[in-house]
Amino acid sequence: MPKYYEEKEEDGRACGGVREDLRQCLLESPCVLQENKSPKQCLREGHCRSLQNTFFACKRSMVSARVASFSSSQAA
């Protein structure tokens, strides 16, 4: 269950809540806890895939907004 809506410290970065949830998901996964693999390795193996996709979509939307903003300012 995503926790980004619960009380947390704000990190001020774009998509910070989803980033934190992805981090927690990886750190609490059996891959890290039982198999002693790194979170990066577990991510590559497909753990926490839905949060990874959500984080990627969030970051992509930030880039899309910047490109659209830049394009409209160039047209003026």
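Student: Are Cys31 and Cys42 buried or exposed?

Tutor: Cys31 and Cys42 are both buried. Keep in mind that this is a predicted model.

Student: What joins Cys31 to Cys42?

Tutor: A disulfide, with an S to S distance of 2.0 Å. The torsion about the S-S bond of Cys31 and Cys42 is about -90 degrees, so this disulfide is left-handed. The pair ties together distant parts of the chain. Cys31 sits in helix H2 and Cys42 in helix H3, eleven residues apart.

Student: How many disulfides does the whole structure have?

Tutor: A search of the whole structure turns up three.

Student: OK, which cysteine does Cys25 pair with?

Tutor: Cys25 is joined to Cys48 by a disulfide, S to S 2.0 Å. Here the S-S torsion is about -95 degrees, so the Cys25 and Cys48 link is left-handed. Cys25 is in helix H1, while Cys48 is in the loop between helix H3 (39-44) and H4. The two are 23 residues apart.

Student: Why does Cys25 count as partly exposed but Cys48 as buried?

Tutor: Cys25 has 26% relative accessibility, so Cys25 counts as partly exposed. Cys48 has a relative accessible area of 14%, so Cys48 is buried. The cut-off for buried is under 20%.

Student: And what about Cys15 and Cys58?

Tutor: Cys15 and Cys58 form a disulfide too, with their sulfur atoms 1.8 Å apart. The link of Cys15 and Cys58 is left-handed, at -90 degrees about the S-S bond. It connects distant parts of the chain: Cys15 lies in the segment before H1, Cys58 in helix H4, 43 residues apart.

Student: How accessible are Cys15 and Cys58?

Tutor: Cys15 is at 10% relative accessibility, so Cys15 counts as buried. Cys58 has a relative accessible area of 22%, so Cys58 is partly exposed.

Student: What's the pairing if I number the bonded cysteines in sequence order?

Tutor: The pairing is 1-6, 2-5, 3-4.

Student: Switching topic. Which residues make up the largest nonpolar core?

Tutor: Ten residues in all.

Student: What is Leu22 in contact with, leaving aside neighbours within four places in sequence?

Tutor: Leu22 is in contact with Leu43, Cys48, Leu51, Gln52 and Phe55.

Student: Which residues of H1 are buried?

Tutor: Gly16, Val18, Asp21, Leu22 and Leu26.

Student: How far does H1 reach?

Tutor: H1 has twelve residues and reaches 16 Å from its first C-alpha to its last. That is close to the 16 Å expected at 1.5 Å a residue.

Student: One more residue. Where is Gln41?

Tutor: Gln41 is in helix H3. Its relative accessible area is 32%, so Gln41 is partly exposed.

Student: And how far apart are Gln41 and Leu26?

Tutor: They are 15 residues apart in sequence. In space, Gln41 and Leu26 are 9.8 Å apart, C-alpha to C-alpha.

How values were computed
Residues are numbered from 1 along each chain as its sequence is written. This is a predicted model: local features need pLDDT of at least 70, side-chain atom pairs count only at pLDDT 80 or more; totals for chains, interfaces and linings use all residues. Side-chain values use heavy atoms; hydrogens and water are left out. A nonpolar core is a set of buried Ala, Val, Leu, Ile, Met, Phe, Trp, Tyr and Cys residues joined through side-chain atoms within 4.5 Å. Buried means under 20% relative accessible area, exposed over 50%, partly exposed in between (1.4 Å probe, protein chains only). Contact means heavy atoms within 4.5 Å. A disulfide is a pair of cysteine sulfur atoms within 2.5 Å. Helices (H or I, at least four residues) and strands (E, at least two) are DSSP runs, numbered from the N terminus. The expected span of a helix is 1.5 Å times one less than its number of residues.
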